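Here are my notes on the model you sent over. Have it open while you go through the points.

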Amino acid sequence: MKPEELLFASLLLGVFALAGGAYGSFFAIGKLGRSRLLLFTSRVFFGLQAVLCLVLLRVSTLHLGWKLFLVASLLGYAVVPPLAWSALESLHGKEKGKS
Amino acid sequence: MIYRSQQLALRYFAASMLLFGVMIAAGLLTSLYYLRVGFLLDVFHFSTAKILHIDTLVLWLLMGFLGSVYWFLPLELEREVEWIGLAQKAFWIFVGTVAAVAATLSFVQYGGTSAASLWLINQGRKYVEAPRWACVLIAAVLVLFGVNVVATALRARRMTGILAVLIADLIPLIVLFLNAFSAEPNMSKDLFWWWWLIHLWVEATWEVFIGCVLAWSLLHLLGASRAIVESWLYVEVAMVLGTGILGLGHHYFWIGTPSYWLGIGGFFSALEPLPLLGMVIHAIYDAGAHRHQILNRPAFAWLLAEAFGNFLGAGVWGFMMTLPQINLFAHGTQWTASHSHFAFWGAYGCAVISVIYLVLQKIRAGRGDFESQAWKWAFALLNIGLVGMSSALLIAGMAQAFYERAIGGSTFQAFLTAQANRWMTEGLQARVLFGLVFTLGYFVLLYDFWKIGKGRRAPETTLRKEASG
Ligand code: HEM
Ligand code: HEM
Ligand SMILES: [Fe+2]
């Protein structure tokens with residue numbers, strides 16, 4: 001490993017998670033406000049996260065297993081916001097149905 | 001009038017905020033050692049100052065937690081808490097013990113390698129360093145607290161989902177504290193168990209605990225439906241424990257533990273941000289679904305800050321250094337301290353402040369006006385101060401990992417070189433400046449706690465209804 005790659009890889013990892021958070025947040029706010037622009041923004045952040053994931057595949061600091069793991073966790077980031085959202089909506093829907 | 005348990009809660013909140021102030025003072029003091037070589041040399045040790053800082057941290061949060069439960073529990077079960085008289089006495093024992101320990105640490109500081117030092121001065125377990133006699137009393141207070149909760153539920157012959165999760169969580173939470181008593185001479189074994197206390201507190205049992213408290217907050221703050229809040233709590237608890245328990249392995253990389261922990265620890269801990277992201281989604285959903293019911297904006301703002309702070313401080317900052325190849329260099333640097341500050345603040349500090357605002361509204365204004373300028377100032381100053389400190393430490397920590405370890409190969413000379421590096425020295429200076437901003441925010445917060453919602457006191461009768469509604 002080259003020393004510079006330590007900082008590069010860790011910053012990439014940080015921004016990777018950050019982009020996931022931005023994707024989730026914009027997704028939720030966009031759903032709330034029914035705003036196409038915000039939902040589009042959320043997809044841009046997810047795209048950024050995917051690109052960061054690709055860049056991470058190329059850094060030599062991380063072993064192969066971790067790279068595969070990152071790809072898998074990218075899928076996790078992709079599904080958590082919509083899944084959480086629809087779970088919340090169906091819970092609320094049930095509640096409304098009752099009253 | 002309100003329940004006696006709720007009066008006790010108010011006392012716990014007051015003690016918590018006082019200790020928060022002591023923690024800040026000790027933090028500022030500790031940060032000065034990094035600015036001047038030989039600061040207070042042979043007068044007051046860095047390690048003692050740091051102990052005061054991080055032990056009061058744990059204490060103000062714990063007291064905030066106890067206060068929250070003593071506040072919500074009688075509302076949940078619609079009756080006074082069992083053995084409340086004993087709990088009220090225990091509060092003074094708790095406070096007296098803390099004061100005595102603070103005095104011991106300030107004036108005696110440390111002792112020789114003898115059993116007497118363990119009993120009277122310091123047990124030496126980072127974050128819970130109090131002497132043994134004090135830890136015995138604190139453990140007793142915690143056990144009594146657990147008994148209060150269980151006995152009240154039994155007496156009421158009622159169990160709710162939130163309460164069941166809380167009770168199940170209190171058992172490991174209290175048992176883990178017994179770790180403070182270990183006196184294991186083998187360092188690897190010692191650290192192995194010590195991490196059970198730290199990690200399984202903050203990334204498992206405390207997360208579940210605060211999940212329960214925030215679930216109650218959502219019921220009382222937004223009038224959210226119990227069925228929804230409870231279902232969501234179960235999902236979150238399952239995800240947090242599913243990733244957090246084995247995430248423990250991210251502390252077993254380099255302390256002499258078997259190498260399979262590299263894989264286990266990296267894998268599970270790197271998944272930990274996902275449930276935290278789920279909580280952010282939930283917070284945003286609630287903000288939208290209950291937009292018209294938000295009558296307590298400060299409490300709600302701090303609740304949102306908790307969701308985002310938990311994700312950022314614990315999730316993002318932790319994720320950055322949780323894979324073994326990164327942690328190899330980041331381990332135990334200012335980088336770690338950066339994450340420590342952000343995560344503790346985001347996950348727990350903000351939550352305690354949110355509950356205090358909720359409670360203040362209930363006891364002061366009923367459903368009347370609960371607004372001020374000051375809360376916004378406090379919110380901004382505290383959060384800017386904290387994010388600034390964490391960022392300054394992140395820069396210092398990355399420089400340290402880079403110059404001392406990646407380039408310097410972790411020699412003593414490399415350690416010294418890194419300490420003198422400009423990124424590092426200036427990062428540590430910037431930390432002090434942002435610390436002062438944070439301190440200012442603390443005073444504004446106290447002022448606001450004192451003032452907000454006063455002057456429009458609702459009549460006694462509605463007060464009672466509000467307090468119990
Ligand atoms: C004025 C504000 C603060 C200042 C100046 C400050 C300063 C410091 C300093 C100098 C240390 C010692 C780091 C070392 O060993 O090199 C420290 C440790 C620590 N502080 Fe603070 N602090 C402040 C506020 C806070 C807050 C608000 C929290 C949490 C809510 C916090 C949590 C911690 C923790 C967990 C540690 C132990 C870190 C570790 O050893 O990894 N501090 N702080
Ligand atoms: C509320 C949640 C959290 C809190 C309060 C917290 C707090 C802390 C503290 C205080 C330390 C330093 C302990 C010490 O050495 O004295 C630490 C270390 C660490 N944390 Fe967290 N943490 C949280 C969540 C997370 C998460 C979710 C991750 C991973 C994604 C993580 C990754 C790490 C790692 C890798 C270390 C070890 C750093 C080193 O080797 O020096 N933490 N955490
Ligand atoms: Fe951990």
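1. The four donor atoms around the iron ion (ligand 3) make angles of 84 to 149°, so the arrangement counts as irregular.

2. Who holds the iron ion (ligand 3)? Its protein donors are His199(B) (ND1), Glu203(B) (OE), His250(B) (NE2) and His251(B) (NE2), at 2.1 to 2.2 Å. Donors here are N, O and S atoms within 2.8 Å of the metal (3.2 Å for Na, K and Ca), and with water not among the atoms, sites may look incomplete. The iron atom of ligand 2 lies 4.2 Å from the iron ion (ligand 3).

3. Bear in mind that this is a predicted model: local features need pLDDT of at least 70, side-chain atom pairs count only at pLDDT 80 or more, and totals for chains, interfaces and linings use all residues. Residues are numbered from 1 along each chain as its sequence is written, chains are lettered from A and ligands numbered from 1 in the order written, and side-chain values use heavy atoms, leaving out hydrogens and water.

4. His199(B) and Glu203(B) sit four residues apart, about one turn, in helix α7 (residues 187-222) of chain B; helices are DSSP runs (H or I, at least four residues). Both are buried, meaning under 20% relative accessible area with a 1.4 Å probe, protein chains only.

Terms used
Tetrahedral: all angles 85-135°; square planar, octahedral: opposite > 155°, others 65-115°. Helix = DSSP H or I, 4+ residues; strand = E, 2+ residues; numbered from the N terminus. Buried < 20%, exposed > 50% of the residue type's maximum accessible area, 1.4 Å probe, protein only.
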